[in-house]
Amino acid sequence: TKQPPPSASPTLKKNKSSATTQTGPNLELLADPLDPQALIQNFIFSEQNFIPQKILQELITNFHGTADGLNPIYLYGKEGSGKTHLLMAIARAMQSRGIKAMYVRAETFTDHVVQAIRAAQMSRFRELYRKNDLLLVDDIHIFSRKGTTQEEFFHTFNTLHLECKQIILSARTPPQELEEIEPRLISRFEW
């Protein structure tokens, strides 16, 4: 008997790896790994970052949900100024104390939004991001021109803030200089 050509076959084969990241209950959304060298002890503090140093050390030492009403904490500085190191160090310090702290790059957050939408698993996405005591998002300027990501982050931010969960953000510029970010997000970043 003659078999139909492969293009005429009505069945589709699924790649196992795509099934674990793109469909149903196997959707995997993982936080970014923390650099083992990113520790508070080996971060070089200076006069220029004295105030953030005090705030962050107080947050690490006496974490009670938010840093004395400072929520969010928004760090900005040029590339290479140590923002990522600091965020990872804070996440690691909090996790070592049993605090649910999640560090994620803005690019990863965006990828997670896309994966969850494709897999029709937004509830799993929201559970992952909104169950933390501390959410640290690095390089939020990457949200520029990403409407769906900004919308989802807006709601995640509001949920965490209303539940008195700490949010720490980093970017290359102060909030008012972010380009193509919704005004309502910029307003929250300026809090």
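Select Pro 72 to begin: this residue is in the loop between helix 2 (50–61) and strand 1 (73–76); helices (H or I, at least four residues) and strands (E, at least two) are DSSP runs, numbered from the N terminus. The peptide bond that leads from Asn 71 into Pro 72 is cis, with omega near 10 degrees.

The model is predicted, so local features need pLDDT of at least 70 and side-chain atom pairs count only at pLDDT 80 or more, while totals for chains, interfaces and linings use all residues. Residues are numbered from 1 along each chain as its sequence is written, and side-chain values use heavy atoms, with hydrogens and water left out.

Next, select Val 137, Ile 140, Phe 153, Leu 169 and Phe 189. Of the 30 residues in the largest nonpolar core, these touch the most other members. Such a core is a set of buried Ala, Val, Leu, Ile, Met, Phe, Trp, Tyr and Cys residues joined through side-chain atoms within 4.5 Å; buried means under 20% relative accessible area, exposed over 50%, and partly exposed in between (1.4 Å probe, protein chains only). Among the elements that each supply at least two residues of this core are strand 2 (101–105), helix 4 (106–118) and strand 4 (166–171). Another core, of 24 residues, lies apart from it and includes Ala 91 and Leu 134.

Stay with Ile 140. Beyond its neighbours within four places in sequence, its contacts (heavy atoms within 4.5 Å) include Tyr 74, Leu 178 and Phe 189.

Move on to Ile 142, in the loop between strand 3 (134–138) and helix 6 (147–162). Not counting residues up to four places away in sequence, Ile 142 touches Ala 106 and Glu 107.

In the loop between strand 3 and helix 6, select Arg 145 as well. Arg 145 is not a glycine, yet has a positive phi of about 65 degrees; its relative accessibility is 63%, so Arg 145 counts as exposed. Glu 180, in the loop between strand 4 and helix 7, also is not a glycine and has a positive phi, of about 55 degrees.

Finally, display helix 5 and helix 6. Their axes, which are lines fitted to C-alpha atoms over the stretch in contact, with angles running from 0 to 180 degrees between N-to-C directions, come within 10 Å and cross at roughly 45 degrees. Residues making the contact include Phe 125 and Tyr 129 of helix 5 and His 155 and Leu 160 of helix 6.
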